[in-house]
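The sequence and structure are shown first, and the description follows.

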Amino acid sequence: MADQFLVLIVLFPLFVGLLIPIIAYFNKSVVWPLAILSLIGSFWAVFNTATQLLKLDPSSSISYYLGNWMAPFGIEYVVDRFNIMVLFAIICVSLLTTIFAKQVIEKELGDNAANFYSLFLLFITGLLGITITGDAFNLYVLLEIASLTSYGLIALGRGRALVATFNYLIMGSMGACFYLLGVGYLFIKTGTLNMDQLYDVLPLLFDSKAVLVGFVFIILGMWVKMAFFPLHSWLPNAYSLAPTAAACLMAPLMTKVSVYVMIRFMLNVFSTEYVYSVLTINNIIVIMSSIAIIAGSIYALSQKNLKKMLTFIIVAEIGYMVGGVWTGHVDGIRGAIYHITADAFMTLCLFMAVGCIVYRVGNDKLESLKGIFKKMPITMICFLVGGFSVIGIPPTCGFFSKWYLISGAFNSGAWYFIIALIISSLINAVLFFRIIEIGFFGAMSNEKPDYKSLQSIKFNEVPINMWLPLVIVSMILIILGIYTNEIMTNFILNIVPMM
Amino acid sequence: MFEYLITNYNYMVVVFLMMMGLWAMIAKKNLVKKCIGLVIFQTGIILFYISMGAKNNSTIPIIDPKYGEAAINYANPLTQILMLTAIVVGVATLGVGLMLVQRIYKEYGSINEDRILEKFK
């Protein structure tokens, strides 16, 4: 049993996801508890893997060979201190979202709810698989599982969601095909698909053009999937029109897992030597991510719609992570890795809070937030914790990841990245204080507050299974911030080699 | 240079197919044509993988007493197996894409991108 935990992480949501349409045919009411149970099973497997891993030497990893075919021949699942963190983030986010999602799904989807849970769990399977696998081609298949299910989830949304989904499908397939092509180039040169073996073989081929092309294609494919700025056009519409529960799950996870894959390939397949010494493209990419951060923030500022605003904040946050990794300084890379986890929870907190607001208020326009603090105090306080974390106010975790990113940029001399980070923090502060203003005083900046209509607003909080996960997430944001040092020394320090 | 192109004509075909597919995905206004472009693009990649596993004077990768057990006599089976998976993924993507086109047509009465965008106004 103990050596099967790695594969159980993926199998729990996979099988329950496939069974749900059959079970729902007989009894619709057990679907939600069943989905939660499967995720708890997966959480238990992740937890046990983590306890096994923490007993071992910091740089070691646990492997699982599917079908008992040894590593270079068969598919290998690997867990080390890098992806155990990402796995924890994925499973916590998906568990909390599932608990949160019950009423929202019933309200928005009605009869489709059962099929929705099926896609939901298959999406989580894809993400967990991407994170845990040690095989470059297996990663492609799981990436497509996650993408295909996410197309299905977004297409269930309202209004223009169908067209947005189609654009996402074209862009996403293009990204996945680029990734596949890149893996093909690596396979021609090395004859292997196993990431560990690629890491061993590739140093002999550093001056090969084919390896360079493979690297460029893989990174480009991941940029499309993570919505890095010039390639971001699919994200805002897709995520803002998706059903609330789907947006809560996808917005925090899909982009961050793509960032994880990029960092995985940079550190553990191509090695830091290739990425930062053989190639000399760091500066260009850091400039691109600075532009991404500023552009994302400015777009966010111009939105009148809460969800749309948050999606552009995601675009800016992707810029943080890509820029942080490509600064080429240890602190920047550590900051980016820490930010994967931190940003997953921040985005979840914000999207859940907006989900609660939409559930009660009916839409997510900024002007309909008047007097919202009195009506939904718990939701709004959690929303503000998430907002403070995005701005970077201590002790939330957003502050510490930004601290590391700035330190990395400072040490590598990328002053423009520091400027972009500071501008983005200021714009985020404007965004969230604007919401505080509307929510507390009930006025857009140019009209006078109307106290009479404010007094008529009654306390009307969402049901407990919606606000409790939200409170937990905002607690996690603060706890992650307080224990930053422990996370850094126990997990992230060992991932990033000294340069 | 010309000889190089002739001897590696399979890769030229692959690049041509991929560019054609990519162009259709980006430039065509008709949503079904975009789907077709996607399939052509994926077919290009599939041919790329298959042609990297092929060898001169080799046969399908099933051990045959006539050819002996030397690996040189057989095409690389790994790329073919990978592409079986990629074909399945491609079919699934195309299925989802066509389903979306069908629902878009039902909702907006057109599969032309410009006309759909006009309806949003």
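At 6% relative accessibility, B:Lys34 counts as buried, where buried means under 20% relative accessible area, exposed means over 50%, and partly exposed lies in between (1.4 Å probe, protein chains only). The model is a predicted one, in which local features need pLDDT of at least 70, side-chain atom pairs count only at pLDDT 80 or more, and totals for chains, interfaces and linings use all residues. Residues are numbered from 1 along each chain as its sequence is written, chains are lettered from A and ligands numbered from 1 in the order in which they are written, and side-chain values use heavy atoms, with hydrogens and water left out.

The side chain of B:Lys34 meets that of B:Glu113 in a salt bridge, at 3.3 Å from N to O; the term denotes a side-chain nitrogen of Lys or Arg within 4 Å of a carboxyl oxygen of Asp or Glu. B:Glu113 lies in helix 5 of chain B and B:Lys34 in helix 3 of chain B, so this pair ties together parts that are 79 residues apart in sequence. Helices (H or I, at least four residues) and strands (E, at least two) are DSSP runs numbered from the N terminus. B:Glu113 is also buried, with a relative accessible area of 18%.

A further salt bridge joins B:Asp114 and B:Lys29, at 3.9 Å from N to O. This pair links distant parts of the chain, with B:Asp114 in helix 5 of chain B and B:Lys29 in the loop between helix 2 and helix 3 of chain B, 85 residues apart. Both residues are partly exposed: B:Asp114 has 37% relative accessibility, and B:Lys29 has a relative accessible area of 40%.

In chain A, A:Arg334 forms a salt bridge with A:Asp331, with the closest N and O atoms 4.0 Å apart. Both residues lie in helix 14 (residues 330-361) of chain A, 3 residues apart, about one turn of the helix. A:Arg334 and A:Asp331 are both buried. Over all chains, the structure holds 5 salt bridges.

| Salt bridge | N to O distance |
|---|---|
| B:Glu113 and B:Lys34 | 3.3 Å |
| B:Asp114 and B:Lys29 | 3.9 Å |
| A:Arg334 and A:Asp331 | 4.0 Å |

## The two chains

A compact globule of 121 residues would have a radius of gyration near 14 Å, but chain B has 20 Å; the radius is taken over C-alpha atoms, and the globule rule is 2.2 Å times the number of residues to the power 0.38. The C-alpha trace of chain B spans about 65 × 35 × 15 Å along its principal axes. Of the 121 residues in chain B, 33% are buried.

Chain A has 21 helices and 2 strands. For its 499 residues a compact globule would have a radius of gyration near 23 Å, and the 22 Å of chain A agrees with this. Its C-alpha atoms fill a box of roughly 75 × 60 × 45 Å along the principal axes, and buried residues make up 65% of chain A.

A:Phe491, in helix 21 (residues 484-495), has a relative accessible area of 18% and is buried. Its C-alpha atom is separated by 7.8 Å from that of A:Pro58, 433 residues apart along the chain. Leaving aside neighbours within four places in sequence, A:Phe491 is in contact (heavy atoms within 4.5 Å) with A:Leu54, A:Arg81, A:Ile84, A:Met85 and A:Glu486. A:Ser271, in helix 11 (residues 271-278), counts as buried at 8% relative accessibility.

## The interface

In the interface, 36 residues of chain B are in contact with 28 residues of chain A. The area buried between chain B and chain A is about 2800 Å², of which carbon and sulfur atoms give 85%; buried area is the accessible area (1.4 Å probe) that two parts lose on being put together, summed over both. Across this interface the rule finds 0 salt bridges.
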